[in-house]
Amino acid sequence: MQTLASPPPPPPAGAEDGAVLPREPHGFFGHPRGLSTLFFTEMWERFSYYGMKALLILFMTASAAQGGLGFDTNKASAIYGLYTAAVYLTALPGGWIADRFIGQRHAVLVGGIIIALGHFSMALPGVAFFYLGLLLIVTGTGLLKPNISAMVGGLYAPGDARRDAGFSIFYMGINIGVSVAPIVLGYLGENVSWHAGFGLAGVGMVFGLIQYVAGARHLGDVGRPTPRAGEASASGGSSGGVALGLGVAVVALLGGAQALGIVDMTSAVGLAHTVLLIIVALSVAVFGYYFTAGGLDAQEKRRLGVIGVFFLGSFIFWAGFEQAGSSLNLFARSLTDREVFGWLMPASFLQSVNGVFIIALAPVFAWLWVRLSRRGREPSSPAKFSLGLVMLGAGFLVMVAASLAAAGGQKVSPMWLVLTYLLHTFGELCLSPVGLSTVTKLSPPRAVGQMMGVWFLSMALGNLIAGRVAGQFESMPLPQLFGQVALVTLVAGGVLAACVKPLRGMMGGVR
């Protein structure tokens, strides 16, 4: 789910471009009124996204008689992984388009419209409308997600002490949407109609767009195209030509690889493998370039090495964490006793647990880190990162026990999943904010944007791997499946814990 720092980081572009709003006497909890506009826009967007996501794999694996697509788990999980990975990948061109051409404000509006159309497409029966809907949602999210976060940053002047608190309020809105959506859309989708659930997700996005347009007057000039963007647009032909050339080259290489049988893009599983290889190749290429030809000094290279270690830990973490919407969602449907006083609770309801825990525990963790810092005992970034991986692994050990209890098809208490999600939330709060913040601190000043792009590649890679792991839900014994995930994450956390001291040395004073 979304933690207090999991979306793209807020660049202070708006502030630098003079798009900062003055302090208002009657704002939004002591913050600029524009924060309320962005708060509710993002809340409704996350409502639509996570509500649909909670239904996605259940719909794909449900039989035709149940109104689903009847896909096998392997195919459905591959599609799920591709979809969630693409959401992170499209944030990169989405931010670039806004910065160079249309501005953040228009990017958010256009992105929201495309997202709504995607949900409405999925509300229509037919596989073609399903795939079209996923494509539209991915495209729209790529435009909306990075740019609305950037606009929040633009509401505050450089050095404004309210900035961090403003983002905390903003991300609380995210998790309200995350928490409510699986309950509302899950009930409608599983008990009335899958397509009705998808359609309501579109209605939620429309609500967000209506209040975004109505509240635009509170944003001042934040998010409007800047002179720099206009100049970039005028000179964008050359960079656009380079991008087009690279795109043609990639397509040609993939076409040749397909013809030679190196990759298979004719199936969802094959396409997932192909995209996975592309992400790995891109990541290796970026790190390789900066180490060999990036003009970095020795200290910068050491810090870049730490980013590389965090990259590995990040994709391992998200490969496990994102089982929530796939294998753990399937476990909730098939092997969890969901009867409550004679009423069968929809499986998707359990997808709201993480969001509820985030809302409840994020302030506690923030207070804890501050308290420990005052005593000089706050764990370093690598230590928090290793703790996040260990907590994730502990959650999967719980699922090993739950799977053993469910041997033979016997259904188990939903508290197994609730405990798992609690441990995963502990892990998320330790790792996600730390990773995002530390990468911005460790990156060479001239390569912060590229390193953040690589960081999102780690999340995309993790989501793809999560889909491939979940594809083994029916073919591998569940204690073995969850046990392997637990083993990998616990070993990764242990190795990182053992390397905390040398990593701190390589960070050169960065906490």
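Let's start with Phe341, which is exposed, with a relative accessible area of 86%. Exposed here means over 50% relative accessible area, buried means under 20%, and partly exposed is in between, with a 1.4 Å probe and protein chains only. You'll find Phe341 in the loop between strand S1 (339-340) and strand S2 (343-344). Its phi is near 50°, a positive value in a residue other than glycine.

A quick word on what we're looking at. This is a predicted model, where local features need pLDDT of at least 70 and side-chain atom pairs count only at pLDDT 80 or more, while totals for chains, interfaces and linings use all residues. Residues are numbered from 1 along each chain as its sequence is written, and side-chain values use heavy atoms, with hydrogens and water left out.

Now the overall picture. The chain has 18 helices and two strands; these are DSSP runs, numbered from the N terminus, with helices being H or I of at least four residues and strands being E of at least two. There are 511 residues in the chain, and 54% of them count as buried. The accessible surface comes to about 20,400 Å², and carbon and sulfur atoms account for 69% of it. That area is from the Shrake-Rupley method with a 1.4 Å probe, and for residues only the protein chains shown count as cover. Take the contacts between residues at least 6 apart in sequence: 82% of those join residues at least 24 apart. Contact, by the way, means heavy atoms within 4.5 Å.

How do H2 and helix H12 (residues 327-335) cross? Their axes come within 9 Å and cross at roughly 60°. The axes are lines fitted to C-alpha atoms, for helices over the stretch in contact, and angles run from 0 to 180 degrees between N-to-C directions. The two are therefore oblique to each other. For the wording, angles under 35 degrees count as roughly parallel, over 145 as roughly antiparallel, 65 to 115 as roughly perpendicular, and the rest as oblique. The crossing of H2 and H12 is right-handed, meaning that the near helix is turned clockwise from the far one by less than a right angle.

Which residues meet there? From H2 we have Ala54, Ile57, Leu58 and Thr61, and from H12 we have Asn329, Leu330 and Arg333. By class, that contact has four nonpolar, two polar and one charged residues. Nonpolar covers Ala, Val, Leu, Ile, Met, Phe, Trp, Tyr, Cys and Pro; charged covers Asp, Glu, Lys and Arg; the others, Gly among them, are polar.

H12 itself is mostly covered, with seven of its nine residues buried. Among them are Phe331, Ala332 and Leu335. Leaving aside neighbours within four places in sequence, Asn329 is in contact with residues including Gln323, Ala347, Ser348 and Gln351.

At 5% relative accessibility, Ala406 counts as buried. Beyond its neighbours within four places in sequence, Ala406 is in contact with Phe331, Leu335 and Val412. Ala406 and Ser334 are 72 residues apart in sequence, and their C-alpha atoms are 9.9 Å apart in space.

H2 has another partner, helix H7 (residues 194-214): the axes come within 8 Å and cross at roughly 170°. H2 and H7 are therefore roughly antiparallel. Their contact has 15 nonpolar, nine polar and one charged residues.

Last stop, helix H5 (residues 127-154). Helix H3 (residues 73-89) packs with H5 at an angle of about 25°, with the axes 8 Å apart. That makes H3 roughly parallel to H5. Lys75, Ile79, Tyr83, Ala86 and Val87 in H3 meet Tyr131, Leu134, Ile137, Val138 and Thr141 in H5. Those divide into eight nonpolar, one polar and one charged.

Neighbours within four places aside, Leu136 is in contact with Ile114, Ile115, Leu117 and Gly118.

And in the loop between H5 and helix H6 (163-191) sits Leu155, which is buried at a relative accessible area of 0%. Leu155 is 120 residues from Leu35 in sequence, yet the C-alpha atoms of the two are 7.5 Å apart.
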